[in-house]
Amino acid sequence: MIERLPNIRHLAALVATVEHGTVTEAARSVHLTQPALTQAIARLERTLECRLFQREPDGMKPTEPALLLNARARTALELIGSPRVTATQMRAFIALARMGSYSAAAQLAGVAPASLHRAVADLSLALGERLVERRGRYLTFTRKGTLRARNFSLAQNELRNGLSEVAVWLGNAKGRVVIGAMPLSRARWLPRALLAFSRRHPGVEVAVIEGSYPELAGPLRDGEIDLLLGALRLDDPSDDLAQEVAFTDRPQIVMRAGHPLASGNPLSLASLRDYPWILPSSNAPLRQYWETMIGADGGAEPEVRIECGSVLTIRELLLETDMLSLLSPDQLRVEIEAGLIETSPPPSEVSRTIGITTRRDWRPTAAQRSMQLVLREIAQDYS
């Protein structure tokens with residue numbers, strides 16, 4: 001289910017009242033009557049269960065919850081980009097963008113397919129833009145539709161964070177953090193950070209979404225993920241993403257105990273070419289580092305028999321075969337300590353930069369900022 005959004009006109013009334021300080025000027029700026037604006041503020045107060053303004057002789061003085069929500073609501077309204085868009089239309093379009101079909105989107109949004117289809121059609125009319133197209137049996141998004149979907153998702157995230165900050169201030173909640181975790185971060189860094197964070201903030205909800213960079217970068221950009229942990233793409237910087245170095249990881253050649261190469265002698269590139277390998281896909285930084293290492297003497301690459309990014313799968317394959325892989329020892333720490341897996345330094349040093357990726361325009365909540373600080377503290381042990 002996608003969470004319900006506050007009424008967009010109510011949020012516009014809030015932002016206008018904070019900006020202008022009087023009902024008269026605020027109502028004029030958002031093209032509402034004064035009674036309609038007053039009613040919108042009252043409904044928003046009932047929804048939040050708190051006062052947003054103190055009515056004073058010289059105007060409307062915002063309370064702390066109003067100021068907390070105002071900054072987020074202002075950004076959300078800018079992302080939405082039109083006063084004609086409704087919360088129902090936004091929610092329907094976000095669901096359609098995530099699921100790719102009307103039936104699946106209706107199920108995600110918890111509405112009838114006909115209702116969702118109508119909401120998307122009304123949105124297109126309200127904006128005067130063609131957002132989706134049918135090509136045979138498939139649904140595709142236009143360029144404007146893709147941009148709208150991302151902006152709506154980011155607006156939803158801003159409002160979610162704003163409501164969370166108000167709830168925290170009221171003592172009704174303690175926040176939420178969503179972390180995207182690529183494979184290496186899940187070995188030791190993230191678990192240690194989660195333990196430290198949970199001790200400091202026992203009431204904060206933390207969700208971890210696992211995946212590869214291609215799988216997680218989109219949700220990060222859409223605001224579904226707050227922080228992305230793992231290998232940085234330093235050679236391919238993105239204008240919309242900020243990368244923060246946490247520590248340097250030095251992968252090792254890994255193999256089963258008793259492997260013919262597990263003699264303790266330094267490995268040569270020639271010996272590494274005698275065995276098949278298990279490696280991640282060609283667009284993964286670790287694969288690129290391996291290609292640089294194995295091709296250092298101009299020789300041919302050995303057979304990459306299996307492309308796989310799952311450490312669990314790689315572990316089982318290593319235990320049953322003479323295949324080799326390149327992994328951080330942290331990722332197989334239990335097997336190494338049990339004597340099931342052996343490691344050996346590569347012929348030339350392989351290193352990768354691990355860190356935190358966020359949106360450049362991300363404004364973290366207090367809980368999200370605290371998680372970022374904990375991750376930095378834990379990373380110091382690896383530096």
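**Entry 1: the largest core**

I began with the largest nonpolar core, which holds 53 residues, and looked up who touches the most other members: Met90, Phe93, Leu116 and Phe152. A nonpolar core here is a set of buried Ala, Val, Leu, Ile, Met, Phe, Trp, Tyr and Cys residues joined through side-chain atoms within 4.5 Å. Buried means under 20% relative accessible area, exposed means over 50%, and partly exposed lies in between (1.4 Å probe, protein chains only).

A note on what I am looking at: this is a predicted model, where local features need pLDDT of at least 70 and side-chain atom pairs count only at pLDDT 80 or more, while totals for chains, interfaces and linings use all residues. Residues are numbered from 1 along each chain as its sequence is written, and side-chain values use heavy atoms, with hydrogens and water left out.

H1, H2 (23–29), H3 (34–48), H4 (64–80), H5 (87–99), H6 (102–109), H7 (113–127) and H8 each supply at least two residues. H5 gives the most, with seven residues. Helices (H or I, at least four residues) and strands (E, at least two) are DSSP runs, numbered from the N terminus.

I then picked Phe152 and listed its contacts, leaving aside neighbours within four places in sequence: Ile80, Val85, Met90, Phe93, Ile94, Leu123 and Leu127. Contact means heavy atoms within 4.5 Å. Apart from this core I found another, of 26 residues, among them Trp290, Leu332, Ile341 and Val350.

Is His10 buried or exposed? I found it buried, with a relative accessible area of 14%. His10 belongs to helix H1 (residues 8–20). Not counting residues up to four places away in sequence, His10 touches Ala40, Arg43 and Leu44.

**Entry 2: what the record says**

I checked UniProt, where an unreviewed entry places "domain: HTH lysR-type" at residues 6–63 and 85–142. UniProt positions are in the numbering used here, feature names are shortened, and annotations may be inferred rather than shown by experiment. Residues 6–63 are 60% helix and 14% strand, with end C-alpha atoms 19 Å apart. Residues 85–142 are 62% helix and 14% strand, with end C-alpha atoms 18 Å apart.

**Entry 3: the sheet with S7**

Here I read an open sheet of five strands in the order S6-S5-S7-S14-S8, with mixed pairing. At its edges are S6 (205–210) and S8 (241–249), each pairing on one side only. Neighbouring strands are turned by 20° against each other on average, direction ignored. Two strands pair if DSSP finds at least two bridges between them.

S7 (residues 227–231) is mostly covered, as five of its five residues are buried. S7 runs parallel to S5 (residues 176–181), joined by three bridges; Ala181 has Leu229 in S7 as its bridge partner. S7 runs antiparallel to S14 (residues 352–359), joined by four bridges; Leu228 is partnered by Thr357 in S14. Eight bridges join S8 to S14, again antiparallel.

Helix H15 (residues 366–379) packs on this sheet, touching S5, S6, S7, S8 and S14, and its direction makes about 45° with that of S5. Axes are lines fitted to C-alpha atoms, for helices over the stretch in contact, and angles run from 0 to 180 degrees between N-to-C directions.

**Entry 4: another open sheet**

Five strands make up an open sheet ordered S11-S10-S12-S9-S13, with mixed pairing. S11 (304–307) and S13 (341–344) stand at the edges with a single partner strand each, so one side of each has no neighbour in the sheet.

S10 (residues 277–279) and S12 (residues 324–327) run parallel and are joined by two bridges. Helix H13 (residues 311–320) lies across S9 (252–256), S10, S11, S12 and S13, at about 145° to S12.

**Entry 5: Gly258**

Last, I found Gly258 in the loop between S9 and helix H11 (269–272). Gly258 is exposed, with a relative accessible area of 53%. From Gly258 to Glu129 I noted 129 residues in sequence and 64 Å in space, C-alpha to C-alpha.
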